[in-house]
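Visitor: I am new to this structure and would like a short tour. Could we look at it together?
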Amino acid sequence: MLQIEIDSGSGFCFGVTTAIKKAEEELAEGTALYCLGDIVHNGMECERLREMGLVTINHDDLMRLHDVKVLLRAHGEPPETYALARQNNIEIIDATCPVVLQLQRRIKRQYDAAPEAQIVIFGKNGHAEVLGLVGQTHSHAIVIEKFDDVKRLDFTRDIYLYSQTTKSLDEFHRIIDYIQSHISPSAVFRSFDTICRQVANRMPNISQFATRHDLILFVCGRKSSNGKVLFNECLRVNPNSHLIEGPDEIDSAWLDHVRTVGICGATSTPKWLMEKCRDAIACRERF
């Protein structure tokens with residue numbers, strides 16, 4: 001008998017849960033609601049909300065809209081977005097994650113206090129959250145995506161290091177160690193661990209979960225940065241791990257000769273989607 005377990009620690013983080021709840025509340029009132037970018041990096045959840053009436057737009061669309069309601073997702077936005085909304089009489093439904101909002105404020109305060117210093121953000125270039133963070137510095141912040149990028153910094157100048165909330169804690173500490181060993185004695189270096197613990201703690205938890213099963217199905221939208229990090233950890237400890245976006249991508253051949261299946265996902269993966277994957281496997285087992 002095949003055993004299937006859904007990881008209790010997987011699923012939406014607090015910020016995503018709050019954003020989706022705000023969208024559902026607005027839509028329930030019958031109001032037209034726009035969302036700036038995908039509300040979550042999961043196509044099936046975005047489709048569910050689209051069917052409820054949520055309209056996803058980009059920044060070019062925002063420039064043409066007037067007198068409407070626009071939801072800002074958990075990733076946050078730069079100051080220019082708020083200024084445009086005021087100019088176009090757009091009502092903002094702000095669902096920026098509190099952790100991201102606090103980080104934006106910290107970076108803005110630091111930039112205002114020392115605009116000549118290097119504000120460095122460990123994050124993914126072009127990611128919505130990172131764009132919002134860089135926007136706090138009038139686009140002067142330096143983004144480093146991986147450890148090797150740290151070598152581009154000017155170690156004779158002051159460095160203030162922050163991180164996108166969903167990045168790897170281990171790699172962040174490697175970057176800190178490198179800067180500390182190369183910074184000029186005349187320069188100031190400060191690092192701020194701004195990685196969300198709700199996300200960071202998922203790494204060891206999902207690692208333990210992946211070792212307990214013969215097969216791991218990691219359910220995640222392929223655009224999710226957090227999902228890529230967590231899936232790679234599953235793959236590291238259990239080579240029989242597969243990333244899928246939904247039940248239609250499950251290959252029956254994967255189920256041959258396995259006794260236990262573990263289903264897990266990213267902070268952008270809804271519980272209902274993991275449950276659909278479980279039910280699809282259970283249905284195949286019956287037939």
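Guide: Let us begin with a term: a residue is called buried when its relative accessible area is under 20%, and exposed when that area is over 50%. Please note that the model is predicted.

Visitor: Which residues of helix 1 are buried?
Guide: They are Gly15, Val16, Ala19, Ile20, Ala23, Glu26 and Leu27. Seen down the axis of helix 1, these buried residues fall within an arc of 125°, so they line one face of the helix.

Visitor: Why would residues a few places apart point the same way?
Guide: An α-helix has 3.6 residues a turn, so residues three or four places apart point the same way.

Visitor: And what is exposed on the other side of helix 1?
Guide: Lys21 and Ala28 are exposed there.

Visitor: What covers the buried residues of helix 1?
Guide: The cover includes strand 2 (33–36), helix 2 (43–52), strand 3 (54–57), strand 4 (69–72) and strand 5 (91–94).

Visitor: Changing topic, what is the strand order in the open sheet of four strands?
Guide: The order is 7-6-8-9, with parallel pairing. Strand 7 (142–144) and strand 9 (189–191) are the edge strands, each pairing on one side only. From one strand to the next, the twist averages 20°.

Visitor: How many bridges join strand 8 and strand 9?
Guide: Strand 8 (residues 159–163) and strand 9 pair in the parallel sense over three bridges. Tyr160 has Arg190, in strand 9, as its bridge partner.

Visitor: Which strands does helix 7 touch?
Guide: Helix 7 (residues 169–182) packs on the sheet and touches strand 6, strand 7, strand 8 and strand 9. The direction of helix 7 makes about 175° with that of strand 8.

How values were computed
Residues are numbered from 1 along each chain as its sequence is written. This is a predicted model: local features need pLDDT of at least 70, side-chain atom pairs count only at pLDDT 80 or more; totals for chains, interfaces and linings use all residues. Side-chain values use heavy atoms; hydrogens and water are left out. Buried means under 20% relative accessible area, exposed over 50%, partly exposed in between (1.4 Å probe, protein chains only). Helices (H or I, at least four residues) and strands (E, at least two) are DSSP runs, numbered from the N terminus. The arc is that of the directions from the helix axis to the C-beta atoms. Contact means heavy atoms within 4.5 Å. Two strands pair if DSSP finds at least two bridges between them. Axes are lines fitted to C-alpha atoms, for helices over the stretch in contact, and angles run from 0 to 180 degrees between N-to-C directions.
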